[in-house]
Amino acid sequence: MKSTTAQFNKKFSLKVFVFIALLAVSVVTFCLIFAVTATSYQHAYLWQSERNTRALSSQLSASLLQLMENGWTRAALDRFLQPYIEGRTEVPLTVNMYRAT
């Protein structure tokens with residue numbers, strides 16, 4: 001009777017060990033993959049944001065130079081900037097203009 005019980009305990013403890021080892025490996029793997037994915041996503045998001053900002057800034061600068069060459073009024077400037085401000089509802093955009101003296 002003892003040998004059957006001892007054999008059962010050995011099989012049971014081996015199953016528990018295998019289960020715990022697999023669980024630990026799974027958790028560590030999940031954490032590593034999550035960290036790599038989150039870091040990659042954050043890097044891509046920041047890169048895309050910077051790219052969009054540079055493109056918008058470049059486009060605004062070029063267009064403002066064109067307006068200045070033609071001579072512009074405050075009303076013309078407001079009409080020019082309105083599509084940029086209203087077209088980006090998900091990202092608030094503010095444009096500050098200062099007169100040089």
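This is a predicted model: local features need pLDDT of at least 70, side-chain atom pairs count only at pLDDT 80 or more; totals for chains, interfaces and linings use all residues.
Local features are reported only at pLDDT of at least 70 and side-chain atom pairs only at pLDDT 80 or more, while totals for chains, interfaces and linings use all residues. Residues are numbered from 1 along each chain as its sequence is written, and side-chain values use heavy atoms, with hydrogens and water left out.

The largest nonpolar core has eight residues: Leu56, Leu60, Leu64, Leu67, Leu77, Phe80, Leu81 and Tyr84. Helix 1 (2–70) and helix 2 (74–86) each supply at least two residues of this core. Such a core is a set of buried Ala, Val, Leu, Ile, Met, Phe, Trp, Tyr and Cys residues joined through side-chain atoms within 4.5 Å; buried means under 20% relative accessible area, exposed over 50%, and partly exposed in between (1.4 Å probe, protein chains only). Helices are DSSP runs (H or I, at least four residues), numbered from the N terminus.

Phe12, Val16, Phe19, Ile20, Leu23 and Val27 form a nonpolar patch with about 570 Å² of accessible area together. Areas follow the Shrake-Rupley method with a 1.4 Å probe, only the protein chains shown counting as cover for residues, and a nonpolar patch joins Val, Leu, Ile, Met, Phe, Trp or Tyr side chains within 5 Å, from residues with over 30% relative accessible area and no salt bridge. Phe19 lies in helix 1 and counts as exposed because its relative accessibility is 54%.

A search of the whole structure finds one salt bridge, defined as a side-chain nitrogen of Lys or Arg within 4 Å of a carboxyl oxygen of Asp or Glu. Arg54 forms it with Glu50, the closest N and O atoms being 2.9 Å apart. The two are four residues apart in helix 1, and therefore separated by about one helical turn. Arg54 is exposed at 57% relative accessibility, whereas Glu50 is partly exposed at 43%.

The structure holds two aromatic pairs. The rings of Phe30 and Phe34 have centres 6.2 Å apart and planes at 20 degrees, so this pair is stacked. Tyr41 and Tyr45 form a stacked pair at 6.4 Å centre to centre, with 25 degrees between the planes. Rings of Phe, Tyr and Trp (its six-membered ring) pair if their centres lie within 6.5 Å; planes under 30 degrees apart count as stacked, over 60 as edge-to-face and the rest as tilted. Both Phe30 and Phe34 are exposed.

Note on methods:
Patches are made of residues with over 30% relative accessible area and no salt bridge: like charges are joined within 9 Å, nonpolar side chains (Val, Leu, Ile, Met, Phe, Trp, Tyr) within 5 Å.
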